[in-house]
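Student: I have a new structure open here and would like to talk it through with you. Could we begin with the pocket?

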Amino acid sequence: MSHLFSPFSIGQLSLRNRIVIAPMCQYSADNGLTTDWHLIHLGHLALSGAGLLILEATAVEPEGRISPADLGLWSDATEAALGNTLASVRKYSSMPIAIQLAHAGRKASSHVPWEGGQLIPPDQGGWQPFAPSAERYSPDEAPPLALDREGLARVRDAFVSAAWRAHRIGLDAIEIHGAHGYLLHQFLSPLSNTRTDEYGGSLENRMRFPLEVFDAVRAAVPTTMPVGMRISATDWVEGGWDLEQSVVFARALEQRACSFIHVSSGGLSPLQQIPVGPNYQVPLAERIRHETDLPVIAVGLVTEAAQAEAIVAEGRADMVALARGILFDPRWPWHAAAELGAQVDAPPQYWRSQPRDQKALFGAARIGQR
């Protein structure tokens with residue numbers, strides 16, 4: 001049997017296989033509201049046969065959006081819109097769906113990628129970003145405002161409110177975004193966190209606010225709803241956040257009943273030097289899997305079925321996430337199952353597409369007509 005297509009459980013949430021669709025920003029929301037694009041996009045992915053679909057980074061407050069076109073979950077209107085989209089997708093797919101709750105911090109107020117992705121100043125339609133400290137992302141940008149105690153409480157409560165809303169509309173799990181240079185990652189890294197209070201300085205202090213957010217979200221939803229964390233295991237910058245600190249952070253999450261950890265890297269500094277190549281982030285996930293008992297998701301330039309199979313079979317991670325690869329090939333799990341001799345779920349409307357030499361690919365699929 002294929003290891004990649006074996007079942008797995010995250011807490012009480014059962015997955016039919018180990019393939020995860022990673023969160024991918026679409027920059028297509030209308031003031032935080034889902035649009036028809038999200039229905040089309042998520043509909044494709046929900047029919048892919050993956051074990052779990054994680055919705056894109058979803059801002060917990062308007063100021064936490066990466067761009068003005070980011071998805072949000074901060075109001076009754078954004079909750080209703082996402083709930084309607086989710087209900088439509090679920091008419092035709094039973095795939096578990098999670099959400100990534102996020103705050104962009106100093107990387108907020110940016111143009112969408114196809115318009116350059118750079119900072120939008122307030123006088124050009126942007127807004128003032130917030131961060132742990134008034135440390136610029138790049139030298140040519142205005143500095144963010146350092147969050148005061150009132151701001152910290154506001155952000156924490158915004159995560160809690162978004163978690164309530166996620167549970168109310170029936171999402172299956174929550175991933176808290178602590179990676180890619182966004183707000184919670186900014187607290188973790190000494191490159192972006194130069195505070196002198198109890199939220200800065202030592203590793204214990206830099207972990208404090210991300211752990212407070214995790215604790216608050218974990219307490220806000222039923223224990224049956226998994227809550228995990230996405231991290232960047234290293235900044236790829238000398239003197240920044242690194243794998244050794246990530247192991248300590250992962251152990252702290254494990255003590256707090258974290259349901260899973262999704263291991264990525266980078267995004268905090270334009271000075272990063274990333275050794276990009278196939279499986280380049282897998283050793284980071286592998287180290288955390290061996291140092292904790294947390295279920296671990298590996299991600300990053302995993303493109304081939306045999307490659308993903310080996311990651312799981314060798315115990316380097318429990319699950320493998322796809323992002324750009326599944327945008328390029330939304331039926332990647334079907335093709336992987338065919339290559340690995342496994343079975344995958346497919347909607348009956350598509351059963352006729354089962355290749356002649358793959359009679360069991362879609363399980364007990366049977367069709368007939370006259």
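Student: Which strand and which helix each supply at least two residues of the lining of the largest pocket?
Tutor: In this predicted model, strand E12 (319-322) and helix H9 (324-328) each supply at least two residues of that lining, and H9 gives the most, with three residues.

Student: And how many residues line the largest pocket, and which lie nearest its centre?
Tutor: The lining of the largest pocket is made up of 46 residues, and those nearest its centre are Tyr 27, His 180, Tyr 182, Gly 267 and Arg 324. The volume of this pocket is about 1400 Å³.

Student: Switching to the strands, what does the sheet with E12 look like?
Tutor: Eight strands form a closed barrel with parallel pairing, in the order E3-E4-E5-E8-E9-E10-E11-E12. Neighbouring strands of this sheet are turned by 25° against each other on average, if direction is ignored.

Student: How many bridges join E10 to E11?
Tutor: Strand E10 (residues 261-264) and strand E11 (residues 296-299) run parallel and are joined by three bridges; Val 263 has Ala 298 in E11 as its bridge partner.

Student: Which strands does helix H1 lie across?
Tutor: Helix H1 (residues 36-46) lies across strand E3 (19-21) and strand E4 (52-59), and its direction is at about 150° to E4.

Student: What about the largest nonpolar core, which residues have the most contacts inside it?
Tutor: Leu 171, Ile 174 and Ile 176 have the most contacts inside this core of 86 residues, to which helix H3 (residues 149-168) gives the most, with seven residues. A second, separate core has 15 residues, among them Leu 13, Leu 52, Ile 54 and Ala 321.

Technical notes
Residues are numbered from 1 along each chain as its sequence is written. This is a predicted model: local features need pLDDT of at least 70, side-chain atom pairs count only at pLDDT 80 or more; totals for chains, interfaces and linings use all residues. Side-chain values use heavy atoms; hydrogens and water are left out. Two strands pair if DSSP finds at least two bridges between them. Helices (H or I, at least four residues) and strands (E, at least two) are DSSP runs, numbered from the N terminus. Axes are lines fitted to C-alpha atoms, for helices over the stretch in contact, and angles run from 0 to 180 degrees between N-to-C directions. Contact means heavy atoms within 4.5 Å. A nonpolar core is a set of buried Ala, Val, Leu, Ile, Met, Phe, Trp, Tyr and Cys residues joined through side-chain atoms within 4.5 Å. Buried means under 20% relative accessible area, exposed over 50%, partly exposed in between (1.4 Å probe, protein chains only). On a 1 Å grid over the protein atoms alone, a cavity is a set of points where a 1.4 Å probe fits but cannot get out, and a pocket is an open set with protein on both sides within 12 Å along at least five of seven lines; lining residues have an atom within 4 Å of a point. Grid points are joined across faces, edges and corners, and a volume is the space filled by probe spheres set on the points.
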